[in-house]
Amino acid sequence: MNSVTTASSRALTVDDTTQLAVLERSGMIESRHLGAAVVLSPDGTELRRLGNPDALIYPRSTLKPMQAITVLRAGVALDDEQLVLASASHTGSQRHQDVVASTLTAYGLAEDDLRCPPDWPADSATRRASAAPRRLAMNCSGKHASFLAACVVNDWPLESYLEHDHPLQERIRSTIVEFTGEPLAHEGTDGCGAPVFAMSLVSLATAIQRIVMADAATDAHAHSLVSAIRGNAWGLDMPQVAEAMDTLGIIAKRGAEGVLIAAAPDGTTVTLKILDGSIRPLLPVGLSLLADAGALDTDAVASVLKSTTEQVLGRGLPVGELRFELA
């Protein structure tokens, strides 16, 4: 599958977006971020739509929770840290790499078995100590290690685990359809080489909410994943996202090209896409939408955003701000 299959399903365009955030410098708006978003109430009904959240987007790494659940369903046993790294876009710190390596070792695998591309760590200290790019440092290496573990458990081919017709990828597609409740309209290739599936922000929000709201009786694997993330937010994403999760009790993850999923403790869920792919407005917009919905404390959100949002500086001093602001 490599093309949009229905006339009513089309990729997000500028006509589908609205202003979601602005950057103000010295009293003048310098930049404006356009995008689309949807907020679901805890019962799954739509609370708010901004732009057209029915248009198709690539969820990118926000697909990883569904991919990790598929791996668990395939019989892979992972401890909490390994499970978080299976769903992570990590920074390549030595701690991250060690956890991924432990998954490989547990299943008789090696770094060379990974099919994600070699990369430099995003973590600055680890990058300075690195002699060359390596596959373990690539932000999706934990997902790839878990994919390989599923192949070992089920005696599936290792070399072709990223191919469309591989048994693991067939199961992943079924899991995504199950959680989104929608057929897949389009399949592409993610930056790490794995298949990525286009969907609407509404479908993505529905899937993430179902995962976050699952209990041990309704879906033990989804419940295990969420519990592991709550206890190991450090492993899932950049430090700013980990701080938001630890402080506010949310489950949140960013995806490349400006995608965010975030669910409050009560299940209120937001998904959003910034049209130009920028990641800098994701937390300000996502957390503000959850606060506006009454799902998060406004003062607590303001405190988190103060320490996690990119500063607007002049000569090293604050001269403006990046903030959630609708047109």
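Tutor: By class, 10 nonpolar, one polar and one charged residues line the largest cavity. Please keep in mind that this is a predicted model.

Student: Which residues make up the lining of the largest cavity?

Tutor: They are Pro-65, Ser-87, Ile-208, Ile-211, Val-212, Leu-225, Val-226, Ile-229, Leu-236, Ile-251, Lys-253 and Ile-261. Two or more of the lining residues come from each of helix H7 (201-213), helix H8 (220-231) and strand S7 (251-255).

Student: What makes Ser-87 and Lys-253 count as polar or charged?

Tutor: Both are on the list of lining residues. Lys belongs to the charged class, and Ser falls among the others, so Lys-253 is the charged residue and Ser-87 the polar one.

Student: How many cavities of 30 Å³ or more are there, and how much space lies in the largest?

Tutor: The count is one cavity of 30 Å³ or more. About 90 Å³ of space lies in the largest cavity.

Student: Turning to the aromatic rings, why is the pair of Phe-147 and Tyr-161 given its name?

Tutor: The ring centres are 6.2 Å apart, and the cut-off for a pair is 6.5 Å. The planes meet at 75°, and over 60 degrees counts as edge-to-face. The pair is therefore edge-to-face. A search of the whole structure finds one aromatic pair.

Student: Where in the chain do Phe-147 and Tyr-161 sit?

Tutor: Phe-147 is in helix H5 (residues 141-154), while Tyr-161 is in the loop between H5 and helix H6 (167-180). The two are 14 residues apart, and the pair links distant parts of the chain.

Student: Are Phe-147 and Tyr-161 buried or exposed?

Tutor: Buried means under 20% relative accessible area. Phe-147 has 0% and counts as buried, and Tyr-161, also at 0%, counts as buried too.

Student: What lies over the face of Trp-234?

Tutor: Arg-95 does, at 3.6 Å from the ring centre; the distance cut-off is 6 Å.

Terms used: Residues numbered from 1 in each chain as written. Predicted model: local features only at pLDDT ≥ 70, side-chain atom pairs only at ≥ 80, totals over all residues. Heavy atoms only, no water. Phe/Tyr/Trp six-rings, centres within 6.5 Å; stacked < 30°, edge-to-face > 60°. Helix = DSSP H or I, 4+ residues; strand = E, 2+ residues; numbered from the N terminus. Buried < 20%, exposed > 50% of the residue type's maximum accessible area, 1.4 Å probe, protein only. Lys NZ or Arg CZ within 6 Å of the ring centre and 35° of its normal. 1 Å grid on protein atoms, 1.4 Å probe; cavity = no way out; pocket = protein on both sides within 12 Å on 5 of 7 lines; lining within 4 Å. Points joined across faces, edges and corners; volume = space filled by probe spheres on them.
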